[in-house]
Amino acid sequence: MGLNILHMKYAVEVARLGSLSKAAESLLIAQPNISRSIKELEADLGITVFNRSAKGMVLTPEGEEFIGYAQNILKQIDEVEMFYKQGAFVKQKFSVSVPRACYISEAFAAFSKSVSNAPAEIFYTETNSQQTVNNVLNNDYRIGIIRYAENHDKFFKAMLEEKGLCYELVAEFKYVLLISAENPLAQKENIVFDDLSPFTEVVHADSSVSSLPLAKVTKDELSDNSDRKIYLFERSAQFDILSDNPETFMWVSPVSQKILDRYGLVQKKCIENRKKYKDMLIYKNGYRFSDLDKNFITSLIESRRKNIN
């Protein structure tokens, strides 16, 4: 099978605009030519890229996956043409999708200092595990870190292998309680689950295992120690809430002393909490780490060593 680059370009434009006529107008090409190219592309691939309806062209699940690959290929072709035809300098590029974790954000801050003065584009996204997998597969993220409870290990490894993703263990840990230094529990030696019932829990709203059934997520991932919860998408807000409201708590991966001091917080272990979590580095099979990737991973390992015992 020999894929036609023009066919890919047409398909990407149709996917962007959701319409053959709009894509034809954008590309200054007759609509029948684009329609014929899409049909030839689908025949070459052996899949249906678009569902056709009165409302326009809608990507199929297979089509979404293909368009993700096509966008990456076309982007790389543009970079090669720019470098060799125009003599332009190709920017340094780095992208990583990660869970919300202080040791990872501190690693990224340290890594940012190592980026040279040459032009660069750096992307750092905090999200749940399923979106990170999608970012690495389809959204041009070079590497990612996913987090899941240890009892989901088989599910995630099977899913990663099925999708052609490699994985390496970054860290393994138990969650700790993050609370204000003014919280009554800050002075308690041994905290148990029942101690949390009078307080409000702060929770990241998008579960780390959004691909699993909600009932299983609720059972395995979410705390039942408080019937009052504040759901957040923005990680920075968690520190303000925990610091300003002593009646709140949060389950987190271990936090550095620098962060604790900055926000007037303390972290405490719960003697009844036995659940372990894993952070796994993921990347496409066959991907070769760039120098920027290697620098970030070095910073990540150093930050993990300092913050996670």
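Five strands form an open sheet in the order E4-E3-E5-E12-E6, with mixed pairing. Strands (E, at least two residues) and helices (H or I, at least four) are DSSP runs, numbered from the N terminus. Two strands pair if DSSP finds at least two bridges between them. This is a predicted model: local features need pLDDT of at least 70, side-chain atom pairs count only at pLDDT 80 or more, and totals for chains, interfaces and linings use all residues. Residues are numbered from 1 along each chain as its sequence is written, and side-chain values use heavy atoms, leaving out hydrogens and water.

Strand E3 (residues 92-98) pairs with E4 in the parallel sense, over seven bridges. Here Ser97 stands opposite Thr125 in E4.

H11 lies across E3, E4, E5, E6 and E12. H11 runs at about 40° to E3. Angles run from 0 to 180 degrees between N-to-C directions, and axes are lines fitted to C-alpha atoms, for helices over the stretch in contact.

H11 (residues 291-307) also packs with H5 (residues 102-112), at an angle of about 135° with axes 8 Å apart. That makes H5 oblique to H11. Angles under 35 degrees count as roughly parallel, over 145 as roughly antiparallel, 65 to 115 as roughly perpendicular and the rest as oblique. Contact means heavy atoms within 4.5 Å. Among the residues making this contact are Phe108 of H5 and Leu300 of H11.
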